[in-house]
Amino acid sequence: MADNKVIICCKCKKELIPKKVYFKYLGHSFFTDILKCPDCGEVFIPEELVKGRMAEVEMQLEDK
Amino acid sequence: MVLEMEKFKEKIKTCLQNEPAFCTAACPFRLDIHDFMPKMQRGGFNAAYRTYLNTVGFPGIVSELCHEPCKNVCPRRLKDEAIAMKHLEKAAIKYARDLNPNSYNLPPKNKKIAIIGAGISGLGCALRLASKKYNVTVFERTDRIGGHLWDVLPPEVFLADIERQFMHEKYTLNLNTEITSLDELDFDAIYVATGKGGTDFGLKPDPEGAFASDKPGVFMGGELCGRNIIEALADGLQAINAIERYIKTGNMNQPKAKDKTEILINTDLISYMKPVLPDEGEVFTQENALYEAKRCLRCSCDACVRHCDLMSYYGKYPKRIGEEVEITVNPGTLDGNGTVATRLISTCNQCGLCKGICPQEIDTGDFLLQSHRAMRGKGAMPWAFHDFWLRDMEFTNSEAAGMCKLPKGFDKSRYVFFPGCQLGASDPWYVIESYRFLREKTPDTALILGCCGAPAEWAGDEQLHEAAVAKLREDWISLGKPIAVFACPTCRQMFRKYLPEIEGIFLYNLISELGIKPSPRVNGDTVSVFDPCTTREEPELQHVIREIAEKAGFNLEPLPYEGKYAKCCSWGGQVSIANPSFTREVVKARISQNSNPYITYCINCRDIFDAAKKPVYHILDIIFGSHDKDQMLPTITQRRSNRINLKHKLLSEFWRDEAIMEQKESRIKLLITPELRQKLHKEMILETDIETVIEHCESTGRKVQIPESGHFFGHLQIGNMTYWVEYLPEDGKFNLINAYCHRMSIEEA
């Protein structure tokens, strides 16, 4: 849906670029590259990622 | 709680899972029917023969001579006829590919063992010892082997079998050698099998060990000890365990094999299957054998894995569950690795059937609830499993949806109607009609709109649960301690368990008592009553429901699981988030019990079956006459607005001159397509949460945009969950394009 498309932070008017973002779930912390505003840090996560890899990781942590 | 879990661990020891089948226990050889029969049932004659061979030693002899004690204990004998084991064994021999024994290449053992008597018992012992490569010497008084076999079988039959089984084994045979004293023998161990009336060398059996005599290193068995010829062979085969134990440890105390079983089989549940017999003297055809094998019930104590949805889904018995839960609650490592049963603990519907069907009354469900509490207590249970329902409970008890009121002009009441959280959520009409009826009959009937505490109970949240129960007690006292009228069997169960001081009655019993006649509107349509699992111990209610349905003109057909065996519709324990695939399986199993429409009296059962396209009525549809209505099930968002509307409608109809609550208008006006609405419903995303996210994006400017489409994206963590929205502003409203959510949180600076 949002693949390879330009995404703009509405506040800073900057294009989002892949940058390291930290996540936390059930006491575990981990990071990955996510589209992020280079100035204010606003992020964007597409549904494909949420339903795909993120859901997988969530499930693994729940069953760990 | 720890004590409760310890009690379970004690109780689990009484589990009969590993008890043998009736036939296995009665069989002198302990032929494992769970090994033999599945092979026969799939036509694996060769594999079945190997099992048989390994168990009986001399299959040709045993299949001729066995007196079939299994037939006297087979539960099928009470229904049609016991399984024809001997015929099946003969069929296994006839259709096996290879009858020869295996040859094992083992190093020889440096131990000498003497066997006195070359009858079937001595030969059995010699065969087993020789195949383990002991140095075996058999002493026989006469000039031939076989002993008593010569009197009961043609020699060509048994001699051929003996020869075949010994084809790979070596032993020393001393014929015409009578042993008169054991002292003349220099061996590591001796097995005395001199047959019926044979010499016993003055030995006495030692009750402390199997086959043990009072002389160390000397064992005895077979017809000498009063056994029949088949038992004698079994003795010979089994004596080697005692002999090996003696050789290795010097002890004579090999435990005796168990010949009893504790399992119980409910013969009512066995369906008739015509037995098949071969023509006289002939062996089964392969087809015959397959059919006869399939009659076998493969008895074991497995009521739990057969009937409990959770145990059948995981294929695990209570013992295994106990072990896995133990290491989950008390993991061996500091970071809690190996908590294998977290999801299993959260998959229990808490229906209680496990205890009901277990002959030992092992309450696995209660153990799982205790474990859930323990996990929750230490923060080890993933919040996501119950978060939605705990928020829903909070909403039910909130100012927007909850209330506790006496009718105007009364300072106490005889009854208080407690419809529960979901009846009005499904359709406010159910609650309004019911309350209207109650107020007409007994005008002082009070009302509590609130939660019984079940979601907190199921989430293992003891604090929250205690608070909910305390609030209910307080409300009840404020109303003058009335009798509670329940529409929901789960609420009734929760009150029974945690508020036993509150007298209760079911709405349906009261309706029936106070007199309402459902006008017959159907002409003998056949339906089945689906008893909610929480009514398993409410036979009176189950009866009243059937009475009402019959009065309304329905023809009732029973379901396989009903009454005291009622099973959960999948709602119990609110497990659908933790285990969606389990939930789907449970629903599928429940609705496919038969093709009739169901009548139920728990709104959750009704709504779940309706969502799965099963024609279903709530008993109130029958009583108040709206069972023909064809209306879409409310989404989770509508279930909330229905509860708000319910409170409004009740206040305006029954407390007319009271100020109507102010309705909180949302600043955000959403435009949502029906498809997207269903998606949100399925993914349990509330539209009110979406509004909050958009409001946040718009007020803070924290959002991103794809210039190409103009769509805005933004996110917000509400409670634990992070919600994403994709939207387009349109004429002061917001066109919602998409929404989704995730459990992990973004660590934002």
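I count two strands as paired if DSSP finds at least two bridges between them. Helices (H or I, at least four residues) and strands (E, at least two) are DSSP runs, numbered from the N terminus.

Entry 1, ground rules. The model is predicted: local features need pLDDT of at least 70, side-chain atom pairs count only at pLDDT 80 or more, and totals for chains, interfaces and linings use all residues. Residues are numbered from 1 along each chain as its sequence is written, and chains are lettered from A in the order in which they are written.

I looked up the make-up of chain A and found one helix and four strands. Along the sequence the pattern reads β-β-β-β-α. The C-alpha atoms of chain A fill a box of roughly 40 × 25 × 15 Å along the principal axes.

I then followed the hairpin. β2(A) pairs with strand β3 (residues 28-36) of chain A in the antiparallel sense, over nine bridges. I noted A:Y22, whose bridge partner in β3(A) is A:F31. Two residues lie between the strands of this hairpin, and A:L26 takes a positive phi near 50 degrees there.

Residues count as in contact if their C-beta atoms, placed from the backbone, lie within 7 Å. On that basis 28 residues from chain A and 25 residues from chain B take part. On the side of chain A, the elements giving two or more residues are β1 (8-9), β2 (17-25), β4 (43-44) and α1 (47-63). α1(A) gives the most, with seven residues.

I sorted that side by class. Ala, Val, Leu, Ile, Met, Phe, Trp, Tyr, Cys and Pro count as nonpolar, Asp, Glu, Lys and Arg as charged, and the others, Gly among them, as polar. The side of chain A that touches chain B has 17 nonpolar, one polar and 10 charged residues.

Strand pairing also crosses between the chains. β2(A) pairs with strand β20 (residues 745-747) of chain B, antiparallel, over three bridges. Here A:F23 stands opposite B:I746. β1(A) runs antiparallel to strand β16 (residues 704-705) of chain B, joined by two bridges. The bridge partner of A:I8 in β16(B) is B:Q705.

Chain B has 31 helices and 20 strands. Its C-alpha trace spans about 115 × 65 × 50 Å along the principal axes. I checked the radius of gyration, taken over C-alpha atoms, against the globule rule of 2.2 Å times the number of residues to the power 0.38. A compact globule of 749 residues would have a value near 27 Å, but chain B has 36 Å.

Entry 5, a parallel sheet. I traced an open sheet of five strands in chain B, with the order β3-β2-β1-β4-β5 and parallel pairing. β3 (172-174) and β5 (218-220) of chain B stand at the edges with a single partner strand each, so one side of each has no neighbour in the sheet. For angles, axes are lines fitted to C-alpha atoms, for helices over the stretch in contact, and values run from 0 to 180 degrees between N-to-C directions. Neighbouring strands here are turned by 20 degrees against each other on average, direction ignored.

Strand β2 (residues 135-139) of chain B runs parallel to β3(B), joined by three bridges. B:F139 has B:N174 as its bridge partner in β3(B). Helix α10 (residues 229-249) of chain B packs on this sheet, touching β1 (112-116), β4 (189-192) and β5 of chain B. The direction of α10(B) makes about 160 degrees with that of β4(B).

I traced another open sheet of five strands in chain B, with the order β6-β8-β7-β9-β10 and mixed pairing. Its edge strands are β6 (403-405) and β10 (504-506) of chain B, each pairing on one side only. Neighbouring strands are turned by 25 degrees on average, direction ignored. Strand β7 (residues 415-418) and strand β8 (residues 446-449) of chain B pair in the parallel sense over two bridges. B:V416 has B:A446 as its bridge partner in β8(B). Helix α24 (residues 507-514) of chain B packs on the sheet, touching β9 (483-486) and β10 of chain B, and its direction makes about 75 degrees with that of β10(B).

Key: Two residues are in contact if their C-beta atoms, placed from the backbone, lie within 7 Å.
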